[in-house]
Amino acid sequence: MPEEVLYMKVLGDLKDRIYSGEFPNLKLPDERSLASSYEVSRSSIKRALNVLAQQGIIFKKRGSGTFVNPLYLKNQSMFHSIGNNLGVSDSYRLTVNHRLSNCCRSRRNKLTKKRAWHYS
């Protein structure tokens with residue numbers, strides 16, 4: 001079965017399990033355990049968890065594990081997205097940073113020329 005289909009199935013099932021309160025301590029099992037229980041590769045699990053993290057449903061804490069976002073459980077309607085707008089803010093941020101970088105570069109060039117004239 002293609003990996004895309006697998007990670008989407010894992011993603012849907014994890015959302016259902018989170019919604020039904022199957023993780024009362026809000027901590028998800030580690031990636032290896034999830035891969036074993038779903039009988040998929042760890043990369044499929046990572047992909048599903050990354051999507052859940054991007055949607056704000058879970059968060060990862062290095063060294064501690066993956067947890068359900070308690071704000072998601074309280075305000076689920078705020079977190080629903082169609083999916084085709086994911087990453088829009090990232091591309092906007094990239095464009096803005098690129099413009100700022102160009103702006104700073106031209107300003108830096110002007111200052112360098114001004115300093116060179118001043119010291120000559």
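Q: In which loop is Glu39 found?
A: This is a predicted model, in which local features need pLDDT of at least 70, side-chain atom pairs count only at pLDDT 80 or more, and totals for chains, interfaces and linings use all residues. Residues are numbered from 1 along each chain as its sequence is written, and side-chain values use heavy atoms, with hydrogens and water left out. Helices (H or I, at least four residues) and strands (E, at least two) are DSSP runs numbered from the N terminus. In these terms, Glu39 is found in the loop between α2 and α3 (42–54).

Q: What is the relative accessible area of Glu39?
A: Glu39 follows α2, and its phi is near 55°, a positive value in a residue other than glycine. Buried means under 20% relative accessible area, exposed over 50%, and partly exposed in between (1.4 Å probe, protein chains only). Glu39 counts as exposed, its relative accessible area being 72%.

Q: What distance separates the C-alpha atoms of Glu39 and Leu6?
A: Along the chain, Glu39 and Leu6 are 33 residues apart.

Q: In which order do the elements of the chain run from the N terminus on?
A: The secondary structure comes to 6 helices and 2 strands. Of the 120 residues of the chain, 24% count as buried. From the N terminus on, the order is α-α-α-β-β-α-α-α.

Q: Which residue of β2 stands opposite Lys60?
A: Two strands pair if DSSP finds at least two bridges between them, and β1 and β2 pair in the antiparallel sense over 4 bridges. Their hairpin has 3 residues between the strands, and Gly63 takes a positive phi near 85° there. The residue of β2 opposite Lys60 is Thr66.

Q: How much space lies in the largest pocket?
A: On a 1 Å grid over the protein atoms alone, a cavity is a set of points where a 1.4 Å probe fits but cannot get out, and a pocket is an open set with protein on both sides within 12 Å along at least five of seven lines; lining residues have an atom within 4 Å of a point. Grid points are joined across faces, edges and corners, and a volume is the space filled by probe spheres set on the points. The lining of the largest pocket includes Asp30, Glu31, Lys60, Gly63 and Thr66. The space in this pocket is about 180 Å³.

Q: Which elements give two or more residues to the lining of the largest pocket?
A: Among the lining residues are Lys60, Lys61, Gly65 and Thr66. The elements that give two or more residues to this lining are β1 (58–61) and β2 (65–68).

Q: What is the distance from the side chain of Asn69 to the backbone nitrogen of Leu71?
A: Asn69 lies in the loop between β2 and α4 (70–74). Asn69 is buried, with a relative accessible area of 15%. Its side chain reaches the backbone nitrogen of Leu71 at 3.0 Å.

Terms used: Polar contact = N/O pair within 3.5 Å; in protein donor to acceptor, adjacent residues only side chain to side chain.
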